[in-house]
Amino acid sequence: MQFDTSDTPTIKRRLTVLLYETLLLFAITFVTTLVALLSFSAISESPDTPIVHIALRCCLFLIIGAYFCWHWCRTGQTLPMKTWRLRLVTQSGLPVPVKRAMARYILGWLWLLPGLAIAWTTGATGWTTFGLVLANIAAWALTAKIHPSRQFLHDRIAGTKLIEISKSK
């Protein structure tokens, strides 16, 4: 099987977009958390309960997922992807349907969750947790190095790929 990597962005470029995306997600999660906690305070005597924490995490997961899926299905690009001229498409180069976008979003959590799970099961805290998550991110990034298409594992599983677009498009 022949893989075309001529329009595949470099790993460094994709990780830069990921970092930019993280900055935007801070704003999204801040606003979502503020609105959710104010809402929970209005309906509950104590907003600092386990059920509120679980509800907040679920709310954040859904809001972040809606942000990514909406952008990927609408234009194939979030703001950082537009800035760095990257687009998400299917393996055949078509716009991404909702099911593939949702699969990619869920699989994208594998950048963090295994490292966090290892930290939790070993009782790691602080810098050790940070190191485990960072090692997980590095390992996940290496999945693009070892595959001929140079796409990350979650993209290959979801049937999507990131492509670099020219300045004229």
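This is a dialogue about how to read a predicted protein model.

Visitor: What does "buried" mean, and what share of the residues is buried?

Guide: Buried means under 20% relative accessible area, exposed over 50%, and partly exposed in between (1.4 Å probe, protein chains only). In this protein, 35% of the 169 residues count as buried. Take Thr143, in helix α6 (residues 126–145). Thr143 counts as buried because its relative accessible area is 12%.

Visitor: Which residues is Thr143 in contact with?

Guide: Contact means heavy atoms within 4.5 Å. If neighbours within four places in sequence are left aside, Thr143 is in contact with Gln151, Phe152, Leu153 and Arg156. For the whole protein, take the contacts between residues at least 6 apart in sequence: 67% of them join residues at least 24 apart.

Visitor: How many salt bridges does the structure hold?

Guide: Side chains of opposite charge can pair when their charged atoms come close. A salt bridge is a side-chain nitrogen of Lys or Arg within 4 Å of a carboxyl oxygen of Asp or Glu. The structure holds two salt bridges. One joins Glu164 and Arg13, with 3.8 Å between the closest N and O atoms. This pair links distant parts of the chain, since Glu164 is in strand β2 (residues 160–164) and Arg13 is in helix α1 (residues 11–43), 151 residues apart.

Visitor: Are these two residues buried or exposed, or in between?

Guide: Glu164 counts as partly exposed because its relative accessibility is 31%. Arg13 counts as buried because its value is 16%.

Visitor: What else does Arg13 touch?

Guide: Not counting residues up to four places away in sequence, Arg13 touches Trp84, Arg85 and Leu86 as well as Glu164. Arg13 and Met81 are 68 residues apart in sequence, and their C-alpha atoms are 9.9 Å apart in space.

Visitor: Which residues form a salt bridge with a distance of 2.4 Å?

Guide: Arg104 forms that salt bridge with Asp155, and 2.4 Å separates the closest N and O atoms. This pair too links distant parts of the chain: Arg104 is in helix α4 (residues 98–108) and Asp155 in helix α7 (residues 153–158), 51 residues apart. Both Arg104 and Asp155 are buried.

Visitor: Which residues make the nonpolar surface patch?

Guide: Patches are made of residues with over 30% relative accessible area and no salt bridge; like charges are joined within 9 Å, and nonpolar side chains (Val, Leu, Ile, Met, Phe, Trp, Tyr) within 5 Å. Accessible areas come from the Shrake-Rupley method with a 1.4 Å probe; for residues, only the protein chains shown count as cover. Here Phe30, Val31, Leu34, Val35 and Leu38 make a patch of about 510 Å². Leu38 lies in helix α1, and Leu38 counts as exposed because its relative accessibility is 57%.

Note on methods
Residues are numbered from 1 along each chain as its sequence is written. This is a predicted model: local features need pLDDT of at least 70, side-chain atom pairs count only at pLDDT 80 or more; totals for chains, interfaces and linings use all residues. Side-chain values use heavy atoms; hydrogens and water are left out. Helices (H or I, at least four residues) and strands (E, at least two) are DSSP runs, numbered from the N terminus.
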